[in-house]
Amino acid sequence: MAEYKLEVTTGEMPYAGTWDHVFVTLFGNEGQSERIELDNYGPDFTRAAVRTYTIKTSSSLGKLLLVKVEKDPYLVLSEDAWYCSKLVVTTPEEDVILFPCYRWISRGELVELRGGRVCTYALRQFQCFSITLFVCFYRWKIMAEGLPHINSFNNESELPDEIRYSDSKSNETLNTEMIMWINILDILSYLPIAFLPEYVTEHWKEDDFYGYQFLNGINPNVIKKCSELPPNFPVTEEMVKPFLEEDSSLEEEMEDGKIFLYDQKKMDGIPARDYNGEPLHVSAGLCLFYLNPEDKLMPIAIQLHQQPSEDNPIFLPSDSETDWLLAKMFIKNADFIDHEAVHHLMSTHFLAEVYTMAALRCFPVIHPLYKLLIPHFRYTIYINTEGRESLFGKNGVLRISSLGYDGMMELMRRALSEMTYSSLCLPENITARGLESIPNFYYRDDGLKLWNIINSFVTAIVEYYYPSNSEVQKDTELQEWINEIFTHAFLRNTASGFPGCFHTVEEVIKFITMVIFTVTAQHAAVNNGQFDYNSWVPNGSLLLHQPPPTTKGESSMETILETLPNVGESYNPYSLTMWPLPQNTVPLGAYPEERFDEPAPKQMIKDFQEELSYLSEEITSRNSELKVPYTYLNPTEIENSITI
């Protein structure tokens with residue numbers, strides 16, 4: 001006789017337990033056990049329970065490879081799903097093998113769990129149905145031509161339990177929505193930090209703070225160094241000389257790398273929506289910035305349309321206060337729309353959904369890259385499925401923007417067609433924009449350190465499981481994953497530089513680094529500051545009523561008030577910009593589910609967490625010396641996945 005000891009752990013979330021009958025079958029390379037019910041005296045699978053069972057077989061099953069788990073109803077009770085966290089099996093040979101599960105199991109469902117230390121290819125001798133089922137269950141759908149593809153579920157109620165919000169997360173979201181009904185003046189009392197919204201309210205008109213936001217606000221990925229003015233932006237020396245260092249010139253400042261450009265040309269020609277029968281307007285404008293001797297980034301010239309003309313003057317800081325303020329407001333309006341549609345929704349949420357869907361469809365749960373990536377995909381499909389209607393649907397929050405639903409869809413199409421692989425890889429992005437040395441660029445400083453820490457961690461994990469390029473090339477599941485991403489995220493656009501297959505270990509490391517950085521740090525950078533910077537609507541509004549000024553000297557404060565949305569219109573974006581309440585979150589680097597069984601990757605995770613902790617201390621120390629602290633890329637403020 002051979003004896004196997006099973007330790008079965010039930011999840012800690014509400015309703016994780018079950019009264020149903022649970023059966024297991026053990027499979028080894030030399031045989032299999034009978035189908036055996038796990039039944040001790042008293043309740044077995046209560047919430048957070050850890051129970052031990054003994055299974056006897058006539059002889060050893062050899063190398064234990066697979067455990068099949070089934071659940072049958074108890075008496076006539078209604079459906080009673082069970083959240084199984086993991087099984088740990090001790091074999092007669094004293095091997096202790098982890099079988100991670102971390103999913104809900106329903107009645108009549110057969111779940112195959114593979115041993116935690118089994119290599120990627122060891123189980124091909126078994127016919128495993130899980131991938132085939134996932135491919136059928138997680139299906140692609142085209143939301144709109146020219147955009148990343150999405151999951152085929154019509155609403156969040158159709159989603160399987162394991163990718164839906166937990167009860168505690170749902171309660172957190174409900175609490176957030178309840179708070180939003182409270183007067184905006186009372187909202188600050190619910191937030192852990194109220195300093196920055198108040199600071200924005202007091203300083204939003206100031207040019208140096210305006211420039212600061214293009215480096216460290218919610219959209220730090222748009223400006224670039226300007227070594228030559230675009231031909232459609234005829235700024236002259238005479239125009240800007242008063243705003244440059246004494247005895248300097250625009251040409252000299254460009255040569256010294258002190259001139260920077262914001263250019264919203266991809267928005268040009270997209271029609272704005274109608275509002276009460278009247279067309280709205282969006283400015284696909286250009287803004288020139290100067291890094292002055294005090295290392296402050298200052299706007300020095302604004303043109304509100306792409307093509308110069310008499311009706312499209314270049315606004316300057318020396319113009320009237322309201323002319324200059326209006327020009328800055330129209331640039332920020334376009335930037336806020338671009339931020340939400342492109343840099344927030346499409347470049348983090350929508351791409352993350354493709355990464356997640358491809359992983360669920362292509363990787364078995366025992367695959368080392370599934371174990372590495374799945375914590376970074378927690379709740380992403382759920383929040384996207386729910387948000388596509390409430391946030392981005394035809395009746396969603398973003399309909400209030402000047403571009404409207406159709407215009408934002410077109411903006412995203414254009415942005416995706418121009419997107420490059422290097423633009424999502426922060427080191428290459430910074431270099432391409434010429435921003436390696438601009439001072440006080442905390443998004444860059446913290447982001448590059450995070451990129452390197454993530455890259456070192458990913459390198460250690462990937463090289464452990466893929467010691468050579470040939471291991472990469474023959475891993476069909478890995479190749480299917482990247483091919484699905486290339487097809488469904490980047491629409492097989494070879495000009496983008498995105499890979500459609502992997503040839504080397506280095507290529508895998510770079511891509512997975514980009515994926516983890518995107519769904520953690522990059523999402524935090526473009527999401528977590530929305531309430532800080534845009535709860536004060538004049539600093540950044542999705543909607544402006546009046547057309548951009550075509551002449552100088554005719555505006556007034558009344559013009560500005562007529563241009564801004566009214567109180568009712570200003571309310572809608574609050575659900576978008578609400579501070580994510582810090583409850584039930586999993587911070588970057590936390591891996592609460594035990595999926596890796598080998599000592600080496602467990603130690604790599606600990607090393608990763610230590611590096612993040614050191615960086616957090618460094619950022620906290622730096623922020624204590626700053627007038628406006630930059631907290632969004634502090635690892636303690638970054639969630640491990642896109643969940644809001």
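Trainee: Why is L75 called exposed?

Mentor: L75 has a relative accessible area of 65%. Exposed means over 50%, buried under 20%, and partly exposed in between, with a 1.4 Å probe and protein chains only. Therefore L75 counts as exposed. This is a predicted model, where local features need pLDDT of at least 70, side-chain atom pairs count only at pLDDT 80 or more, and totals for chains, interfaces and linings use all residues. Residues are numbered from 1 along each chain as its sequence is written, and side-chain values use heavy atoms, leaving out hydrogens and water.

Trainee: Where is L75 placed?

Mentor: L75 is in the loop between β6 (64-72) and β7 (82-90). D80 is also in the loop between β6 and β7.

Trainee: Why does D80 count as buried?

Mentor: Its relative accessible area is 18%, and the buried label needs a value under 20%. So D80 is buried.

Trainee: What does UniProt place at D80?

Mentor: An unreviewed UniProt entry gives the feature "binding site" at G17, D80 and A81. Such annotations may be inferred rather than shown by experiment. Although spread over 65 residues of sequence, these positions cluster in space, with a largest C-alpha distance of 8.2 Å.

How values were computed
Helix = DSSP H or I, 4+ residues; strand = E, 2+ residues; numbered from the N terminus.
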